[in-house]
Amino acid sequence: MRSIERAPAPEGEAMLDCALTLIAATDSETLIETAASAAREALTNLGARVGQPDWLAPRKALDLFFADVTLDQADVGMRALLAKRFPGAKLDLVVQEAADRRKRLVVADLESTLIENEMLDELAEFIGVRDKVAEITRRAMNGEIDFATALKTRVALFKGLPEAALGEAAARIRLMPGASVLIATSHAHGARVALVTGGFSVFARHVQRMLDFDVVIANELIIESGRLTGTVREPIVTREGKEAALISLAAEHGVPRRLTLAIGDGANDLPMLEAAGLGVAFHAKPAVAERARTRLDYCDLTALLYAQGYRATEFAAA
């Protein structure tokens with residue numbers, strides 16, 4: 001395994017043991033310098049000692065190292081500041097301990113996280129039930145109905161669909177912006193990357209070939225005589241299965257839990273996010289964003305690199 005690099009604290013700020021990372025989406029980059037000054041002032045007013053901004057990318061992302069206030073105080077205070085002073089601005093923030101920011105294991109959800117699609121919704125278009133399937137998907141991802149039940153209900157609708165439709169649906173896959181750079185940079189700096197999804201292996205393997213994941217864990221559609229049977233092979237990858245996968249992969253590769261990063265958007269991702277050293281709800285459903293301790297609402301997946309202290313100059317080419 002390649003050696004792991006750690007993001008150093010800026011010189012003279014080693015005793016500032018917490019980090020606030022501020023990242024701007026493309027159409028809010030003109031605001032980030034003003035927002036950084038306001039954030040530094042607000043942290044000081046909370047009683048924190050705060051260092052100078054450390055720019056990870058000009059007009060795009062920066063770190064503010066601080067001490068003497070809790071992570072929760074800083075997170076709540078900064079979100080309140082952004083909502084009041086910069087309403088409508090597309091600025092994301094991550095507050096965490098400064099130590100061990102660079103992760104050695106990255107575990108990612110697939111649909112609406114690494115790719116823009118929900119693949120059962122795509123497949124449903126072939127039989128004219130996209131709206132019906134999309135509504136079940138929405139409710140399941142928002143935690144309104146049981147994930148396994150919702151999965152079986154949707155899959156049953158595809159009984160008799162030709163296997164060739166899976167390839168046609170896979171051809172529609174659109175990578176989420178920043179996905180290729182996130183995975184390439186993680187690999188370049190020695191991290192292992194795993195795709196753990198409640199979706200299906202036929203689509204997960206397609207994305208694995210695109211992005212070079214080390215591990216894929218996914219559900220399997222049962223196919224007989226070239227047609228879908230409308231059933232899924234047991235056991236189903238559920239919310240508990242995703243959490244168990246992260247814990248198992250960390251143990252298998254000798255990675256302490258604090259050095260794991262998990263990314264997801266749906267209610268079935270929450271246990272995995274909570275188990276990780278850094279769990280990030282990415283463009284998440286409302287119920288998930290409300291519960292997640294860290295979230296990214298606006299920026300693309302490269303924000304996860306900035307959150308780990310990577311500078312733009314350290315990003316690997318996709």
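**View 1. The buried side of helix 2 in a predicted model.** Within helix 2 (residues 71–85), the residues A74, D75, M78, L81 and L82 are buried, a word that stands for under 20% relative accessible area, with exposed meaning over 50% and partly exposed what lies in between (1.4 Å probe, protein chains only). Helices (H or I, at least four residues) and strands (E, at least two) are DSSP runs, numbered from the N terminus. The model is predicted, so that local features need pLDDT of at least 70 and side-chain atom pairs count only at pLDDT 80 or more, whereas totals for chains, interfaces and linings use all residues. Residues are numbered from 1 along each chain as its sequence is written, and side-chain values use heavy atoms, with hydrogens and water left out.

**View 2. The surroundings of helix 2 and its packing with helix 1.** The buried residues of helix 2 pack against strand 1 (18–24), helix 1 (32–45), strand 4 (61–67) and strand 5 (91–97), where contact means heavy atoms within 4.5 Å. Helix 1 and helix 2 pack at an angle of about 135°, their axes being 10 Å apart; the axes are lines fitted to C-alpha atoms, for helices over the stretch in contact, and angles run from 0 to 180 degrees between N-to-C directions. That angle makes helix 1 oblique to helix 2, since angles under 35 degrees count as roughly parallel, over 145 as roughly antiparallel, 65 to 115 as roughly perpendicular and the rest as oblique. On the helix 1 side, A35, A38, A39, A42 and L43 meet A74, M78, L81, L82 and R85 of helix 2.

**View 3. Helix 8 and its buried face.** In helix 8 (residues 201–211), the buried residues are F203, A204, V207, Q208 and L211. Seen down the axis of helix 8, these residues fall within an arc of 145°, so they line one face of the helix. Their cover includes helix 3 (119–124), helix 6 (164–170), helix 7 (179–188), strand 7 (192–200) and strand 8 (215–219).

View 4. M210 counts as partly exposed because its relative accessibility is 39%. Leaving aside residues up to four places away in sequence, M210 touches I173 and L175. M210 and S180 are 30 residues apart in sequence, and their C-alpha atoms are 8.3 Å apart in space.

Notes. Expected span 1.5 Å × (residues − 1). Arc of directions from axis to C-beta.
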